[in-house]
Amino acid sequence: MERRTIGAAALAVGAVGLGCMPMSWAYSASRRRGDESLRAVHRALDLGASLLDTADMYGPFTNELLVGRALKERRSDAFVSTKVGLLVGDQHIVANGRPGYVKRACDASLRRLQTDVIDLYQLHRADPEVPVEETWGAMAELVRAGKVRALGLCAVGARAGRRAGTRLHDGTIRQLERVQQVFPVSAVEAELSVWSPEALEALLPWCRTRGVGFLAAMPLGNGFLTGRLRPGAGFEADDLRARHPRFTAEMMAANQPFVAGLRRVARRHGADVTPAQVALAWVLAQGPHVVPVPGTKQERWVTENAAATALRLTPDDLREMARLPPAQGSWD
């Protein structure tokens with residue numbers, strides 16, 4: 001697989017990563033199988049998809065434990081990204097950016113992941129009660145202690161509650177400017193897909209001009225861009241898509257022309273090329289510092305996603321995709 005670099009430290013990873021969250025959290029619990037997920041992780045590493053993206057809140061904690069089972073055998077094959085800063089309660093999620101907590105959380109993640117160093121440690125969300133510089137300073141101390149190799153920030157990206165005239169990621173860019181004064185940012189993780197391209201406006205250019213890597217979360221639109229989700233089929237109650245306005249039966253039906261466009265492009269490249277691969281190839285085409293991190297828990301989708309690195313979209317393909325109808329429905 002093609003290799004890409006993250007940050008000024010030139011940390012090398014496979015051009016497509018693996019989002020591990022669906023293995024333990026946020027998607028249909030009845031379909032989770034620990035052994036199947038473990039095989040998916042091993043398949044990703046076999047194919048060179050070395051970046052494994054997890055977080056302590058996924059589960060909570062169980063996702064790191066699962067990834068740790070794979071790392072115990074194959075640490076040298078993997079680039080481990082995990083996150084800190086969010087706590088999960090029964091019905092809520094709260095931020096915790098206190099320096100003491102960050103250091104304890106890192107030690108706990110290291111134990112669960114069965115490793116002595118985290119390649120990329122990301123701040124999941126800034127704590128409104130703690131200056132972000134203090135949180136970032138504690139994370140920088142972890143780098144100096146040899147427990148972490150590089151630091152990253154997850155974009156806030158909230159569409160709701162924005163002031164008129166502000167862009168989606170203006171708040172994240174302000175945070176990045178602040179923490180960059182404390183310790184270098186190696187990577188930013190934010191949603192980016194052909195139907196949610198807002199990061200192209202300001203966040204991606206910010207990263208490009210500063211040599212910061214960009215991890216594209218949800219590059220397959222939470223599964224919609226694969227073309228395998230049927231309008232009206234419904235989701236299990238614990239599946240985050242059951243509460244997403246863009247995944248109502250009405251909105252999924254309204255957005256079918258989007259998937260049809262991806263299928264048209266796919267057919268031009270061969271009978272075996274899928275809409276998901278076209279969607280990932282679009283993300284890859286946004287710059288050599290961009291690494292899509294599609295989430296899955298099955299080997300076959302890991303294999304399909306990894307193959308997207310061999311797909312080269314033509315200028316005509318990209319122009320056609322730029323003309324696809326805007327996605328219908330709120331994403332909040």
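Visitor: What is the relative accessible area of Glu141, and how do I read it?

Guide: Glu141 has a value of 39%, so it is partly exposed. This is a predicted model, in which local features need pLDDT of at least 70 and side-chain atom pairs count only at pLDDT 80 or more, while totals for chains, interfaces and linings use all residues. Residues are numbered from 1 along each chain as its sequence is written, and side-chain values use heavy atoms, with hydrogens and water left out.

Visitor: Which residue does the side chain of Glu141 meet in a salt bridge?

Guide: Side chains of opposite charge can pair when their charged atoms come close. A salt bridge here is a side-chain nitrogen of Lys or Arg within 4 Å of a carboxyl oxygen of Asp or Glu. The structure holds 20 of them. In one, Glu141 pairs with Lys103 at 2.5 Å, N to O. The two belong to distant parts of the chain, 38 residues apart: Glu141 is in helix 4 (residues 132–144) and Lys103 in helix 3 (residues 99–113). Helices (H or I, at least four residues) and strands (E, at least two) are DSSP runs, numbered from the N terminus. Lys103 is partly exposed too, since its relative accessible area is 31%.

Visitor: What parts does the salt bridge of Arg228 and Glu304 tie together?

Guide: The N to O distance between Arg228 and Glu304 is 2.6 Å. Arg228 sits in the loop between strand 11 (213–217) and helix 7 (249–254), and Glu304 in helix 10 (residues 299–307), so the bridge ties together parts 76 residues apart in sequence. Arg228 counts as partly exposed at 34% relative accessibility, whereas Glu304 counts as buried at 13%.

Visitor: Which residues are joined with Arg264 and Glu320 in one network?

Guide: Take the pair itself to begin with. The closest N and O atoms of Arg264 and Glu320 are 3.2 Å apart. Arg264 is in helix 8 (residues 256–269) and Glu320 in helix 11 (residues 315–322), 56 residues apart. Through salt bridges that share partners, Arg264, Arg268, Asp317 and Glu320 form one network.

Visitor: At what angle do the axes of helix 5 and helix 6 cross?

Guide: Two packed helices are described by the angle between their axes and the distance between the axes. Axes are lines fitted to C-alpha atoms, for helices over the stretch in contact, and angles run from 0 to 180 degrees between N-to-C directions. The axes of helix 5 (residues 170–180) and helix 6 (residues 203–210) come within 10 Å and cross at roughly 25°. Helix 5 and helix 6 are therefore roughly parallel (angles under 35 degrees count as roughly parallel, over 145 as roughly antiparallel, 65 to 115 as roughly perpendicular and the rest as oblique). Contact means heavy atoms within 4.5 Å. Helix 5 contributes Thr172, Ile173, Leu176, Glu177 and Gln180 to the contact, and helix 6 contributes Leu203, Trp206 and Arg210.

Visitor: How many residues of helix 9 are buried?

Guide: For helix 9 (residues 275–284) the count is 10 of the 10, so the helix is largely enclosed by the rest of the structure. Among the buried residues are Pro275, Trp282 and Leu284. The buried residues of helix 9 pack against strand 1 (3–6), strand 11, helix 8, strand 12 (290–293), helix 10 and helix 11.

Technical notes: Buried < 20%, exposed > 50% of the residue type's maximum accessible area, 1.4 Å probe, protein only.
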